[in-house]
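Keep the sequence and the 3D view open as you read.

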Amino acid sequence: MSKKERLSKFEELIIDLIKNSPDNKLTREQMISVLRLESNNEIKKLDKSLNRLSNSNKISRKDNYVFLGNNKKKAKSAGSGNNSIYEGKIDISVRGTGYVITEELEDDVMISSRDVGTALNDDVVKIRITGKNKRSGQPQGKILEIIKRGKDFYVGTLKKVSKENYVIEADAQSVHTNFFVLPEYLNGAQDGDKVIFELVNWVHPKALPEGKIKSVLGKSGSNDANILSILAENDMVAEFPKEVEEYAHQIPLEIPKEEGKRRRDLRDENVFTIDPEDAKDFDDALSIKKLDNGNYYLGVHIADVTHYLTPKSVLDEEAHKRGNSVYLVDRVIPMLPEVLSNGVCSLRPNEDKLTYSCFMEIAPNGKLVDYSIEETIIHSKQRFTYEEAQEVVDGKKHKFSKEVTTAVELARILLDKRFREGAIDFDNPEPKFVLDDNGTPIKVIIKERIFAHRLIEECMLMANKTVAMHVEELRKSSDKKRSKDLFPFFYRVHDKPDKDKLAGIAEQVKPIGISFDVGKKISPKKINDLLKQVENTSLEYIVNGLMLRAMAKAEYSPNNIGHFGLGFGHYSHFTSPIRRYPDVIVHRLLKGYNAGARVYTYDQLKKDGEHCSERERVAVDAERDSVKLKQVEFLSKKTGEKFDGIISGVMERGIFVNLKDIYCEGMIRISDLKGDYYVYNDKRHALVGRKSGKQFQLGDEIRVRVKSTNMQKRQIDFGLA
């Protein structure tokens, strides 16, 4: 599907609104009201979307009304010379060449460095098409106007050029040009500091833009500076605004007696937690027993964050803005201030805590027999680390042996049922770094996947699935006509993978003797069969990685399309409201329906789904960047050393190699493959020597040496050993 045919989710929402309105028409002001658009940026986004829909003939506009139907005004094509005016977001390469992405055009529009002007990365710009590239046919253009700056701040290193002359050397991942800074805008920064700065003004493209330093991250090259730079590159900051911290510290630590009395009191029950050794934000706790009828009675108790998080408060708005906590290699950037995330809300042992619980009666075959969702108060009697829980799983005697053993029985039943019914069994290694006191990686270990992890995972999946099914039951029992506004809910959805991407994997693994028949219908069984073929081989993690990249990204949405990867028809996120805002939304929805109130509309949830999904993608990018940073830092001390690896990717400019045991990936450039002239063979997905016939193919074992590393680019270069 081309960009012309694709609509953004926001545009789909607009069309959906018009379709469901009286006479299939709405005014702009009505849309602003219905969608609860409050900021200028949100209203600008609406106006831009309306213009795009009008230009592409999806809507018409007349007498202040917007309605469905063909617009007489045709969208201009890229070939209409100087009259072709478009808007889009610009991405600027390190060399200064810009690429503008527009909804109307199939291809990105290339802007030469001399025509980029004073635009910066991610700016929304107005451009004019000036022609086409003679070789590629790619449209070329020129920037006419900068409509909106794309970023609030940038990151770079302050350099003192002379007595009163300072320049910020910008990080390549942040912005493509350097800035100058006046002494009065240094904000205490010194030569060599890594800084966050904002644009003050840019008068002319031949002069440097002027910057103003907002904060100092630390000395360039230091661990703090490197890690915090990753946040800044992803438009995040660690610190909470002063007013948010002040609000959080005013929240009472003690639970009022009347609050405890109105809830189901579980303080005498054997409730326990299982979390990582270094965890402080305990979201979830368990209770479990076997009933006289042989069924399991599982209680999943979740921190009741919404009790403390008042809608539209400064605390709530900051949590919504962040969307989720970010887990970097050496620190957590929490969604909520520490007084809440690690204190008031955290289900710490031997403390009374407010919780929201899902109780499930489950038959020995794994079928849900009965359930309830209730506000509760607990007093956790045991805090296990995963390793401590695993010792009990393996037979070590403990006062909670009965509970843990019962939970293991149930988890095995749920796990087997899930895979029988179509869940995909991914198992990718996770490297973990042992850091010294300065944050320098001294060792890489692979996180061991133990059954204690599975135990918690299966209990949480069951709770998430149950609350989503609960809302479906509410719809059925209402006897009302089904519509999007009948008990709208916030789902975690996962679409089927793209067939073309799966076909690409089949092509890549075929030359190495692996059969993967995509066929007409995509099924989890076919994917599991492929993963089974490579299990316990050198190809296991490579094929797992290829498949993960081919899968659709899970998202948040009120439109329930099910969860393909888990094989669930109904699935939500309920179990981690300390670190995920979607779970906060789900708690509010469930509490609202229990009280007979509606707290969100379908359209509000669609808007929140887009925002939360985007914040999650940003967090994942930051987390991956922090891992890559530590991999580069670790191998920078190993220059010249030799390692065994597996070829994890092949392309025309070289081969990617993943080192065994430590799972650090780097590249051997084709120019470093000496002794022959290597050509990329697309049928075999290999680099083949023209004279020798020697080939480098996906999955081949290879011995390499660390040639060089680049901390700034987070890049590792290997050579043949």
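Which residues are linked with Asp304 in a network of salt bridges? The network is made up of Glu259, Arg262, Arg263, Asp304, Glu375 and Lys591. We will come back to two of these residues after a look at the model itself.

## About the model

This is a predicted model, in which local features need pLDDT of at least 70 and side-chain atom pairs count only at pLDDT 80 or more, while totals for chains, interfaces and linings use all residues. Residues are numbered from 1 along each chain as its sequence is written, and side-chain values use heavy atoms, with hydrogens and water left out.

The term pLDDT stands for the predictor's confidence in each residue, on a scale from 0 to 100. For this chain the mean pLDDT is 90, and 96% of the residues reach 70 or more. Over residues 1-6, though, the pLDDT is below 50, and this stretch has 14 contacts in the model beyond near neighbours in sequence. Residues 71-82 also have a pLDDT below 50, with 22 contacts beyond near neighbours in sequence. A contact here means heavy atoms within 4.5 Å.

## Salt bridges

A salt bridge is counted when a side-chain nitrogen of Lys or Arg lies within 4 Å of a carboxyl oxygen of Asp or Glu. By this rule the model has 47 salt bridges. One of them joins the side chains of Glu610 and Lys45, at 3.7 Å from N to O. This pair links distant parts of the chain, with Glu610 in helix 16 (residues 602-636) and Lys45 in helix 3 (residues 40-55), 565 residues apart. Helices (H or I, at least four residues) and strands (E, at least two) are DSSP runs, numbered from the N terminus.

How covered are these residues? Buried means under 20% relative accessible area, exposed means over 50%, and partly exposed is in between (1.4 Å probe, protein chains only). Glu610 counts as partly exposed because its relative accessibility is 23%, and Lys45 is partly exposed too, at 39%.

Lys591 and Asp304 meet in a salt bridge of 2.7 Å, N to O. Lys591 lies in helix 15 (residues 581-594) and Asp304 in the loop between strand 17 (296-303) and helix 7 (314-322), so the pair ties together parts that are 287 residues apart in sequence. Lys591 counts as buried at 19% relative accessibility, and Asp304 is buried with a relative accessible area of 1%. Another salt bridge is formed by Glu458 and Arg418, whose closest N and O atoms are 2.6 Å apart. Here Glu458 in helix 11 (residues 451-478) is linked to Arg418 in helix 10 (residues 401-420), 40 residues away. Both Glu458 and Arg418 are buried.

How many disulfides does a search of the whole structure find? The search finds 0 disulfides, where a disulfide is a pair of cysteine sulfur atoms within 2.5 Å.

Cys345 counts as buried, at 3% relative accessibility. For Cys459, the closest cysteine sulfur is in Cys358, 11 Å away, which is also too far for a bond. Cys459 is buried, with a relative accessible area of 0%.

Gly719 belongs to strand 34 (residues 715-720) and counts as buried, at 3% relative accessibility. Leaving aside neighbours within four places in sequence, Gly719 is in contact with Ile668, Val704, Arg705 and Lys707. The C-alpha atoms of Gly719 and Gly666 are separated by 9.8 Å, although the two residues are 53 apart along the chain.

Lys660 sits in the loop between strand 28 (654-659) and strand 29 (665-669). Is Lys660 buried or partly exposed? Lys660 is partly exposed, because its relative accessible area is 33%. Its contacts, apart from neighbours within four places in sequence, are Asp644, Gly645, Ile646 and Glu701.
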